[in-house]
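Keep the picture at hand while you read.

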Amino acid sequence: MYDPLPVDPFMTKAAEYLLVIGFLATLLLGWPSLARRPAPVATPLPAGKGGTTPSGWFATALERFYHLGHAWARPTADGLVEIGLDDFAQKLIGKPDTIALPQAGAQLAQGRPLASLRVGGKAVDLPAPVDGVVVHRNDALHDRPGLVNGDPYGAGWLVRVRPTRWSANAEDLLQSDEAQRWMAASELSLQRRMSPSFGMLLQDGGVPVSGIARALAGEDWDRLANEFLRG
Amino acid sequence: MTTAPGQGRSACDRRGFLRALGVCGAGLALSPAALAQAQAEGNPYGVLVDTTQCVGCRTCTRVCAEGHGLPVPEDVCRERTTERQLTVVDGRAVADPRVDTGAVFVKRQCLHCLQPACASACLTRAMYKHDAGPVTWDKGKCMGCRYCMVSCPFDMPKFEYHSAAPHIRKCDLCADRLAAGELPRCVAGCEAGALTFGRRADLLLEARKRIATEKDAYHAHIFGEREAGGTSWLYLAAVPFDKLGFPGDLEYVSYPNLTKEFLYGVPVVLTLVPPLLLGIAKATHRDTLPATGGRRA
Amino acid sequence: MRDATRSISPARAELARVSSFLRQELRPRGRILTPFNVITATLVLATAVILFFRFAYGLGSVTNLNQDYPWGLWIGFDVVTGVAFAGGAYVVVFLVHVLNLERYRPIVRVTVLNGFLAYVFYAGALVLDLGRPWNVINPVIGNSFGVSSVLFLVAWHFMLYMLAELIEFSPAIAEWLGLERLRRFLERMTLGAVILGISLSILHQSGLGALFLMAKSKIQPLWYSEFIPIQFLVSSVFAGLSMVIFEGTISRRVFHHRASASFHFSQERIVVGLSRICAGAMFVYLFLQALVFLHGQDWRHLTAGWGSWYLLENVGFVAAPCALFALAWRNRSTPLARWAAVLAMLGVILNRLNVSVIAWQPHAAVRYVPTWMEFVVTLGVISAEIWVFRWIVNRMPVLREEPAHATTVAPVSNAEPTHLRKEA
């Protein structure tokens, strides 16, 4: 009969405000658990060629955080982070002729090149495991670059940095059990590129001085090494 | 006092009304100048449908089909237009003291909204609202996306699903005849005088006058005055319109209004988002100084 | 006698090298008669036949579309849902190029490629649905711009976005063709293309929802509100990421023999990280739904089975996968993430189909059910898209672990490596 009266546009306003407050409260309460880094769980290993199992060719050291680019990071007592390359990387590359390290004050970004290891005119880049500013670098490597082969987890450290995003970076780093599993998986993926006889030699403990990459790929060894160290 | 269709109001009154509009009988001197004037004044032409006068003879459907080159429609009442029939007469059984015969006949066709949803929806402007009133379809522009069909609250555009070069069919208010100064075919062909053509403001006045002078004959509402923001085809009836199959949940603002906020948000988003993203990218950018700045052996 | 010493310009030599490389690349690799190939080839052939009929005899000859249901499976699923699933591209490039989260860099290329192909094939499928497709250039060439139309906006954004995605992906093409200078040039345009792409995505993902704003009286009120555009935008975030997770698990299985250990571990981090984002986005979406429900006083509309259907969609296919994603993140479980992704994708399909087809014209006398031919064409389009994807991924450097100009390094067989030294 008559035109309908206009509808009150604010009929549900009070309820909507309450709902939004409830949402914000839930967000506030739930955020800490959402932002926390989850605990690592057992990741199944990819299968090796011909059903082989990893034999522990490559060693990991305790108390280190490993980046998928095969660099390790160790928080030190004075709030810095010590960085080096791991056993896999040093065996892959072999004995470097020189190691180019960043100067003090240089800024590093996780995943971007940190150091360059040179062998006979070819260079392999090692990605940085954390974001930070370089504070010290290992000058001993200037005269004795072979330190990275002899003691990659100790005297062969590369740089010490002041980290700028440690918690965020740590979410992408591997530790203890998980790191060991990953190292074993890296061994398996290297095995896929090898002949059986070579594999047996490595099992015996022998490692080519010139580096596994060169033994596998000859002149193209730097491309192989860069592929594995890309993270 | 009830009114039976075809009687009641004397023919004199109607002729008097038409004369007042400056026309003579059924032949209308509708000059292009008059059309242009309607355009300029924002007072488009429209049609008033007085369902109390309609006898359901369906002459309008026949002359419409003939004039548009469509096959002669089946001589029955239909509820909806089709892709072969641009206008239908819907016969509705109504039990109401104000309806003598127990049936009301409603002529249905595109209502040529003042701000049509179809014209706003059409991305190629194939559906186009002329200032003089008609909403027409242009086959040279239409892509056949059928978005006009999705948007029309009256479901008027009909698509030729079984044609390789399909048309969208709906009433076009005989825009071609209007341009030549003639009445739409249905209006010219209506013998019961149920259809009145004129300027919308005048039609509204006439409708209100009829409601006021014959209170018992009409339901006090002009359908199309504000529904969907106002349409060019206006309806009068003896009973409430929801009893006659008219949609009951129409907006009282034009349908394009419903997309207004979104479309106006587009330039806002394109203005705010890129600088915001650039700022974030710059703030989170992690630089490295080249690693080869070291000493070598 | 021909002058044998006539020199070729470097550009001509480059062109010759590229074209012979392309000719070589066009040859198929691997077995041709796999079950997958046979099934998809049948689908594509059937699609071609059906499309012949569709163009010769009109849409009504192959679809069940009618005057009440102008849009059916092809628009409701291929376009409105398919584009949501392609939304992974704009989210992932946001994470990597704007937020600089290195963790997700390995999947950028494959996600952008998927997004680009999705838009090409699904927007292409839209052309198949047009009644008068020869006029499709009208809104493009400026013949007749219907600027007040949401569809105009969506169509233009689709085109511009495809261009932006092509620019984002083009460095991979340049790498494949070995054109290093071109690659560097294209890479500089990445950030600009990314920002343009994200802005466009925000607008056309919500625009797909805005298409239905004028159909207020035709959609069951539980699915209609003025907030449809925002709901579609938020759901495109987790729809896209769920597709990334789901697709990643398939790609990984297909291409895993090329993967190295680090690839495997980084993939896990990616899936777990994306799960967290999906859980967050779905949480937000649920509250948005509650707000819309309140605002529209939708309790009045929980009638005639629609209420149960609405609750099924939101509880079973939004709230449940939201919880599963959160669990998957907490427990670092890739299989759980995959299940959550499947549920979430089903939920998005359900929601989009409800708005466009199922809850459309709830009072119609004859409800729309797609013909088998509509399903076949949809599957045929998807099959064609997978073929192109596979062709590209097998040749261009898309999956992270394939170095450019990939060749597996030949082992030094039967030869003892020299200079052996026993480790202490």
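The report below looks at chain A and then at some places in chain C.

## The model and chain A overall

Please bear in mind that this is a predicted model. Chain A has nine helices and 10 strands. It consists of 231 residues, and 49% of them count as buried.

How do parts of the chain that lie apart in sequence come together? Among the contacts in chain A with a separation of 6 or more, 68% join residues 24 or more positions apart.

Strands of a sheet pair through backbone hydrogen bonds, and the pairing can be parallel or antiparallel. One sheet in chain A is open and has three strands, in the order β4-β6-β7 (chain A), with antiparallel pairing. The edges of this sheet are taken by β4 (98-100) and β7 (122-127) of chain A; each has a single partner strand, so one side of each has no neighbour in the sheet. On average, neighbouring strands here are turned by 25° against each other, ignoring direction.

Let us look at one pair in detail. Three bridges link β4(A) with strand β6 (residues 113-119) of chain A, in the antiparallel sense. If you find T98(A), its bridge partner in β6(A) is R118(A). A helix also belongs in this picture: α9 (residues 221-228) of chain A lies across β6 and β7 of chain A, and its direction is at about 5° to β7(A).

## A sheet of six strands

Chain A also has an open sheet made of six strands, ordered β1-β2-β3-β9-β8-β5 (chain A), and the pairing is antiparallel. Which strands stand at the edges of this sheet? They are β1 (65-66) and β5 (107-108) of chain A, each of which pairs on one side only.

At the β5(A) end, two bridges join β5(A) to strand β8 (residues 132-137) of chain A, and these two strands run antiparallel. Within this pair, Q107(A) is found opposite V133(A) in β8(A).

## Two packed helices in chain C

Now turn to chain C. Helix α3 (residues 73-85) of chain C packs against helix α5 (residues 108-129) of chain C at an angle of about 160°, and the two axes are 9 Å apart. Because of this angle, α3(C) is roughly antiparallel to α5(C); the cut-off for that description is an angle over 145 degrees. The crossing of α3(C) and α5(C) is left-handed.

Which residues make the contact? On the α3(C) side they are W74(C), I75(C), D78(C), V79(C), G82(C) and V83(C). On the α5(C) side they are Y119(C), Y122(C), A125(C), L126(C), L128(C) and D129(C).

Is Q220(C) buried or exposed? With a relative accessibility of 4%, Q220(C) counts as buried, because the cut-off for buried is under 20%. Q220(C) sits in the loop between α9 (190-210) and α10 (228-255) of chain C. Its side chain reaches the backbone nitrogen of L222(C) at 2.8 Å. Apart from neighbours within four places in sequence, Q220(C) is in contact with H301(C), T303(C), W306(C), A359(C) and P362(C).

L160(C) belongs to helix α7 (residues 150-177) of chain C. Its relative accessible area is 34%, so L160(C) is partly exposed. L160(C) and S201(C) are 41 residues apart along the chain, and their C-alpha atoms are separated by 10.0 Å.

How values were computed
Residues are numbered from 1 along each chain as its sequence is written. Chains are lettered from A and ligands numbered from 1 in the order in which they are written. This is a predicted model: local features need pLDDT of at least 70, side-chain atom pairs count only at pLDDT 80 or more; totals for chains, interfaces and linings use all residues. Side-chain values use heavy atoms; hydrogens and water are left out. Two strands pair if DSSP finds at least two bridges between them. Helices (H or I, at least four residues) and strands (E, at least two) are DSSP runs, numbered from the N terminus. Axes are lines fitted to C-alpha atoms, for helices over the stretch in contact, and angles run from 0 to 180 degrees between N-to-C directions. Contact means heavy atoms within 4.5 Å. Buried means under 20% relative accessible area, exposed over 50%, partly exposed in between (1.4 Å probe, protein chains only). A polar contact is a pair of N or O atoms within 3.5 Å; within protein, one must be able to donate a hydrogen and the other to accept it, and residues adjacent in sequence count only if both atoms are side-chain atoms. Angles under 35 degrees count as roughly parallel, over 145 as roughly antiparallel, 65 to 115 as roughly perpendicular and the rest as oblique. A crossing is left-handed if the near helix is turned anticlockwise from the far one by less than a right angle, and right-handed if clockwise.
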